[in-house]
Amino acid sequence: GAMVLCALRWIRPGRAGLGRIVGLRPFSSSLRDLQRSIDPAHLQFDVALFPPLEPPPSTRVDPFNLVEPDLRPLADSLKDLVGVDHPVLNKVARHFFDMQGKRFRPTILLLVSQALGTPRDSPVFSAQKRLAEIAEMIHTASLIHDDVIDVSDMRRGARSVHKIFGNKVAVLAGDFLLARASVLLARLGDVKVVELMATVLEDMVHGEMMQARAEPEDLVTFEHYTLKNYLKTGSLISLSCHSAAVLTGAPHDSALAVSARDYGRHFGVAYQLVDDLLDFTASEEQLGKPALADMANGLATAPALFAAREFPEMNNIIQRRFSQEKDLEAAYDYVQRSDGIAKSRRLAEVHMQLALQNLHIMPGTDQQVKGALVQLCHDVLNRRA
C-alpha cells in the first residue's frame with residue numbers, strides 16, 4: 001500500500017523541470033541522499049554506560065489532558081478530512097478512527113510543538129496541528145496494511161478491517177488515506193517537510209521488506225532488529241517531530257530541529273521495544289490480540305534475542321522462524337529462564353533517557369508541557385497493554 005505513494009519519489013530525472021522546482025537538487029543526487037533516514041550506528045550503544053532512569057516528577061502532569069482541547073477537535077477533523085464520496089472507503093476509514101486509542105502520535109506532536117516555543121494561537125501551531133492529523137492518517141494506513149500483510153484477525157480487541165471488508169477494500173482504504181495525507185501535506189507549502197514525511201513512507205516500506213525478506217543470519221542480530229523497528233515505527237514519530245520544528249522556520253539541521261527529531265526517534269524505538277516486551281508479559285485480553293503473536297509470525301524481538309545470547313541453541317529456532325512443532329513453547333521457556341525481559345526493559349529505558357536529553361534544548365517556557373513529555377515517556381515504559 002505505502003509503495004503506491006513511495007513510487008511518486010522515483011520520477012525519471014529526465015522529466016522537464018522537475019530537478020529545478022524551488023531549488024531542489026537533481027533527483028538522482030537527492031534520492032541517493034534519502035535512501036536511509038538514519039545511520040544504523042546511531043541506534044546502537046552500550047547500555048551499561050547509562051545511569052538508572054530517574055523517576056517521574058512527583059506532581060503528575062497528564063499529557064493527554066493537557067492537549068485535550070486541541071486533540072478533541074482533531075479527532076472530528078480527521079473524520080471530516082477523510083470524507084469521500086465512496087461510501088465503503090468512508091465507512092472503513094471512520095471505523096478505524098473510531099476504534100483508535102489515546103492517539104499517542106498527535107499527542108507527542110502537539111506537546112513537542114509547544115515545547116519548541118510555538119504559541120497555541122499562532123498560524124504555525126495550526127500548521128503543526130495539521131501535521132499531527134497527517135501523521136495519524138499515515139499511521140492508520142500503515143496499521144490497515146500491516147493487518148493485511150500479517151493476516152491479523154484482531155486490532156485493539158476488535159476485528160481487523162480486512163476481516164470485515166475484505167483484503168482488497170482494506171488495501172484500497174489504506175492507499176486512500178495515504179493519498180489524502182499527501183494532498184494535505186502538499187498544502188502545508190513546505191518542501192522540506194514534504195521531503196521528511198515522504199521519507200517516512202519510504203522507511204515504512206523498507207522496514208516491511210526487511211521483515212519479509214530477512215536472511216536467516218539477519219534474524220539473530222540486534223542491528224537488523226533495531227533498524228527494522230526504527231523504520232517501521234520510529235521513523236514516523238521522529239520525522240514528524242522533525243517536521244514540526246521545520247515548520248517553526250528552524251533550519252532542518254539546526255540544534256532545535258535535531259532535538260525534536262531525536263526526542264521522537266528514541267521515543268519511537270522505546271515504544272516498539274515495550275510493545276515487543278508486552279507480547280511476552282501481557283495477556284491476550286490486555287493486548288487485544290493473541291499473546292506471543294510476534295513469534296507465531298516468525299519474528300524474534302528483543303526478549304528472544306537477549307535470551308539467545310544466554311542460550312545459543314535458540315539461534316536455530318529464530319533462524320527457522322519458529323516454524324517447527326514446539327518451537328514457540330521452547331522459545332518462550334528460554335525467554336522466561338533468561339534475563340531477556342529485564343534487559344529489554346532496560347534498553348527501552350535507555351532510549352527514553354536519550355529522548356529526554358533533548359528537552360533542555362527546546363526553548364518553550366511552559367514547564368507543564370515539558371513535564372508532560374517526561375511523563376509520556378514513563379507512561380509508555382509502564383504500559384500494561
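Arg60 is partly exposed, with a relative accessible area of 47%, where buried means under 20% relative accessible area, exposed over 50% and partly exposed in between, computed with a 1.4 Å probe on protein chains only. The side chain of Arg60 meets that of Asp379 in a salt bridge, at 3.1 Å from N to O, a salt bridge being a side-chain nitrogen of Lys or Arg within 4 Å of a carboxyl oxygen of Asp or Glu. Because Asp379 lies in helix α18 (residues 367-381) and Arg60 in the loop between α2 (27-33) and α3 (63-81), the pair ties together parts that are 319 residues apart in sequence. Helices (H or I, at least four residues) are DSSP runs, numbered from the N terminus.

This is a predicted model, in which local features need pLDDT of at least 70 and side-chain atom pairs count only at pLDDT 80 or more, while totals for chains, interfaces and linings use all residues. Residues are numbered from 1 along each chain as its sequence is written, and side-chain values use heavy atoms, with hydrogens and water left out.

The structure holds 15 salt bridges, and three of these pairs are set out here.

| Pair | N to O distance |
|---|---|
| Asp379 and Arg60 | 3.1 Å |
| Glu133 and Arg130 | 2.4 Å |
| Arg265 and Asp262 | 3.7 Å |

Glu133 and Arg130 both belong to helix α6 (residues 123-150), where they are 3 residues apart, about one turn of the helix. Glu133 counts as buried at 6% relative accessibility, whereas Arg130, at 28%, counts as partly exposed. Arg265 and Asp262 are likewise 3 residues apart, about one turn, in helix α11 (residues 255-281); Arg265 is buried at 5% relative accessibility, and Asp262 is buried with a relative accessible area of 15%. Salt bridges that share partners also join Asp70, Arg120 and Lys129 into one network.

The largest cavity has a volume of about 80 Å³, a volume being the space filled by probe spheres set on the points, which are joined across faces, edges and corners. Among the residues that line the largest cavity are Met210, His224, Tyr225 and Lys228. The elements giving two or more residues to this lining are α9 (191-212) and α10 (222-246), and α10 gives the most, with 3 residues.

Key: On a 1 Å grid over the protein atoms alone, a cavity is a set of points where a 1.4 Å probe fits but cannot get out, and a pocket is an open set with protein on both sides within 12 Å along at least five of seven lines; lining residues have an atom within 4 Å of a point.
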